[in-house]
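Please study the sequence and the structure shown below, and then work through the exercises in order. Each task is followed by a solution in steps.

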Amino acid sequence: MIGLIRSPEEIFRQVRSREVMDAVPVLLVSLAVFAFGSLFFLGMMASDASAYPYLSGLANMGTLIFVSVEMIIFGTVCAALTGVLLHFVSYYEGFDEDIGQALKVAAYSAAPYAVGGLIPFLGIIIAPFWSIYLQYTGMRETYYMESDQASVAVLVPAAVFVVLFIIMTMLGADNFSIFG
């Protein structure tokens with residue numbers, strides 16, 4: 001994961017020949033660090049119910065663990081959906097790589113969320129933009145795309161997730177939970 005900070009181009013060149021399952025530990029560790037790190041800070045805030053009454057539900061350790069698992073599952077589904085969308089857009093642009101390449105790009109591009117979980121509050125703002133940059137770099141290196149093609153390939157999943165976020169926000173807070 002450190003290589004994705006120092007030299008993402010080199011990392012994506014190296015992982016081009018690896019299997020998709022080699023990227024799964026990076027994805028899961030990144031999401032776990034993000035989930036537990038974020039909820040650790042929110043749990044600390046929730047302990048002061050008078051200052052943050054809307055976080056009082058996170059004061060229970062069981063709830064924190066449950067929400068962490070929920071975040072990891074949701075992040076994994078989002079990464080898989082991103083990989084599928086990247087593959088479809090790249091296929092539309094004329095690239096015949098297998099879907100595994102796009103899934104690897106999506107999985108390795110989740111690495112910034114590990115850092116996002118360690119930086120309270122600012123990490124959640126930085127991680128998505130860094131992840132989009134890694135997707136852009138990954139598409140250029142694994143699919144040998146031109147810059148404009150990689151930009152289009154990356155902006156389509158980003159636009160889909162923005163629209164989904166707006167729809168979920170409009171539906172209300174009750175619909176944000178996966179399990180109920």
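## Salt bridges and cores

Glu10, Arg13 and Glu141 are joined in a network of salt bridges, a salt bridge being a side-chain nitrogen of Lys or Arg within 4 Å of a carboxyl oxygen of Asp or Glu. The model is predicted: local features need pLDDT of at least 70, side-chain atom pairs count only at pLDDT 80 or more, and totals for chains, interfaces and linings use all residues. Residues are numbered from 1 along each chain as its sequence is written, and side-chain values use heavy atoms, with hydrogens and water left out.

**Exercise 1.** Describe the two salt bridges of arginine 13 with glutamate 10 and glutamate 141.

*Solution.*
Step 1. Glutamate 10 and arginine 13 meet through their side chains at 3.1 Å, N to O. Both residues belong to helix α2, three residues apart, or about one turn of the helix. Helices are DSSP runs (H or I, at least four residues), numbered from the N terminus.
Step 2. In the bridge between glutamate 141 and arginine 13, the closest N and O atoms are 2.9 Å apart. This pair links distant parts of the chain, since glutamate 141 is in helix α7 and arginine 13 in helix α2, 128 residues apart.
Step 3. Next comes accessibility, where buried means under 20% relative accessible area, exposed over 50%, and partly exposed in between (1.4 Å probe, protein chains only). Glutamate 10 is partly exposed at 35%, arginine 13 is partly exposed at 44%, and glutamate 141 is buried at 12%.

**Exercise 2.** Where do glutamate 97 and arginine 16 lie?

*Solution.*
Step 1. The side chains of glutamate 97 and arginine 16 form a salt bridge of 2.8 Å, N to O.
Step 2. Glutamate 97 is in the loop between α4 and α5, and arginine 16 is in the loop between α2 and α3, so the pair ties together parts 81 residues apart in sequence.
Step 3. With a relative accessible area of 23%, glutamate 97 is partly exposed.
Step 4. The count of salt bridges comes to three.

**Exercise 3.** How many residues does the largest nonpolar core have?

*Solution.*
Step 1. A nonpolar core is a set of buried Ala, Val, Leu, Ile, Met, Phe, Trp, Tyr and Cys residues joined through side-chain atoms within 4.5 Å.
Step 2. The largest one has 31 residues, and those with the most contacts inside it include Leu4, Phe12 and Met139.
Step 3. Among the elements giving two or more residues to this core are α2 (8-15) and α7 (123-143).
Step 4. A second, separate core of five residues includes Ala46, Leu58, Leu64 and Val67.
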